[in-house]
Amino acid sequence: MRIENVSIVGMGALGVLFGDMLARALGPERVGFVADAARRARYAQTPVTVNGRPCAFRTIDPADPSGPDDLVIFAVKGPALERAMADAAGRIGPDTALISLLNGISSERELEARFGARNVVYCVAQGMDAVKLGGALTYSTPGQLCLGAPTPEKRPALDAVCELFDRAGVPYVREADILHRIWGKFMLNVGVNQTVMVCEGTYGTIQVPGALRERMISAMREVMALAALEGVPLGEDDLNFYLGLLDRLDPDAMPSMRQDGLARRPSEVELFSGTVRALAKKHGLSTPVNDALYAEIRAREAAY
């Protein structure tokens with residue numbers, strides 16, 4: 001299987017970041033963004049730039065009969081995944097590889113339930129400091145995509161995606177234990193996204209020692225405890241790895257939840273502390289830091 005045609009659902013920071021890389025490598029006619037009429041009109045009114053360079057992306061109506069594509073990338077926020085799967089259904093055939101760039105620990109299972117497990121490649125996007133305000137995407141660090149196949153049936157799709165990324169120059173790493181990586185990234189997101197949102201800061205706010213950084217780390221440690229109970233042990237080496245990754249990001253940039261707060265739109269709090277709280281209830285574990293973050297974020301969103 002050789003991937004030549006790609007569809008992306010979601011023109012946020014990650015969709016544009018990786019869509020731009022793929023379109024420059026494959027040609028803009030082979031990469032398109034699936035969007036309904038309202039979103040296509042909105043995209044047309046908002047020129048997209050990447051680090052100041054204009055980008056003209058092709059858009060695809062969900063009813064367009066030209067599918068299926070070789071690869072479909074889901075790059076929406078968590079609450080939009082169900083709608084995104086419906087919009088992308090016409091682009092997906094029996095041999096279409098699927099990747100989710102969503103945060104959290106559940107999107108791959110949702111894709112498998114809807115489209116079958118064989119071609120869902122597990123993925124974690126990490127290390128990028130991309131910020132998209134309006135149509136302008138800026139970044140200094142593109143990060144990388146961590147890819148893996150937790151079961152043997154997924155390896156042909158994984159091989160095809162890796163071959164495409166080699167051709168396109170998309171930064172990635174092939175993970176031997178992708179579930180460990182997914183939980184590690186989840187731990188980071190739970191800490192940094194929520195803490196920076198409630199303190200209305202940037203990465204720089206929690207890159208320095210102090211109460212805010214300690215609050216972030218405490219939220220991450222609650223995830224460490226839950227991961228062990230779910231059969232995915234995370235240790236101090238994992239915590240230190242992600243703190244080191246965080247400390248290398250542009251201090252003036254900000255995570256996605258902070259961008260949600262600035263735009264006064266619903267965040268992914270249910271994917272983060274919402275998931276932590278649900279798992280804590282399942283295992284009878286106390287998670288006071290995430291309980292407090294959840295309450296603060298929900299209160300902020302209720303005031304929009």
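Begin by selecting strand S1 (residues 6-9) together with strand S6 (residues 71-74), two strands that run parallel and are joined by four bridges. As you look at this pair, keep in mind that the model on your screen is predicted. Within the pair, pick out isoleucine 8, whose bridge partner in S6 is isoleucine 73. Strands of a sheet pair through backbone hydrogen bonds, either parallel or antiparallel.

Is isoleucine 60 buried or exposed? With a relative accessibility of 1%, isoleucine 60 counts as buried. Leaving out residues up to four places away in sequence, show what isoleucine 60 touches, namely Ser7, Gly32, Phe33, Val34, Ala35, Arg40 and Arg91. One of these, glycine 32, is 28 residues away from isoleucine 60 in sequence, while the two C-alpha atoms are 6.2 Å apart in space.

Follow the chain into the loop between H3 and strand S7 (97-100), where you will find isoleucine 92. This residue is buried, with a relative accessible area of 16%. When neighbours within four places in sequence are set aside, isoleucine 92 is in contact with Pro68, Val72, Phe74, Leu98 and Phe115. If you also select aspartate 69, which is 23 residues from isoleucine 92 along the chain, the C-alpha atoms of the two are separated by 6.2 Å.

From here, turn to Phe74 and Trp183, which touch the most other members of the largest nonpolar core, a group of 62 residues. Helix H6 (residues 178-199) contributes the largest share of this core, with eleven residues. Centre the view on tryptophan 183 and, not counting residues up to four places away in sequence, look for its contacts with Ile105, Val223, Leu226, Ala227, Glu230, Val232, Leu234 and Leu279. There is also a second, separate core of 45 residues, which includes Leu26, Ala149, Ala157 and Phe165.

To see a helix pair, select helix H1 (residues 13-26) and helix H5 (residues 155-168), which pack at an angle of about 75 degrees with their axes 9 Å apart. Since angles of 65 to 115 degrees count as roughly perpendicular, that angle makes H1 roughly perpendicular to H5. Where the helices meet, show Met21, Leu22, Ala25 and Leu26 in H1 against Leu164, Phe165, Arg167 and Ala168 in H5. The residues of this contact divide into seven nonpolar, no polar and one charged.

Finish with another open sheet, in which four strands stand in the order S4-S3-S10-S9 with mixed pairing. Strand S4 (53-55) and strand S9 (131-133) are at its edges, each with a single partner strand, so one side of each has no neighbour in the sheet. Here the twist averages 25 degrees from one strand to the next. Select S9 with strand S10 (residues 136-138), which run antiparallel and are joined by three bridges, and then find leucine 133, which stands opposite alanine 136 in S10.

Technical notes. Residues numbered from 1 in each chain as written. Predicted model: local features only at pLDDT ≥ 70, side-chain atom pairs only at ≥ 80, totals over all residues. Heavy atoms only, no water. Axes fitted to C-alpha atoms, helices over the stretch in contact; angles between N-to-C directions. Parallel < 35°, antiparallel > 145°, perpendicular 65-115°, else oblique. Contact = heavy atoms within 4.5 Å. Nonpolar A, V, L, I, M, F, W, Y, C, P; charged D, E, K, R; others polar. Core = buried A, V, L, I, M, F, W, Y, C linked by side-chain atoms within 4.5 Å. Buried < 20%, exposed > 50% of the residue type's maximum accessible area, 1.4 Å probe, protein only. Pairing = 2+ DSSP bridges.
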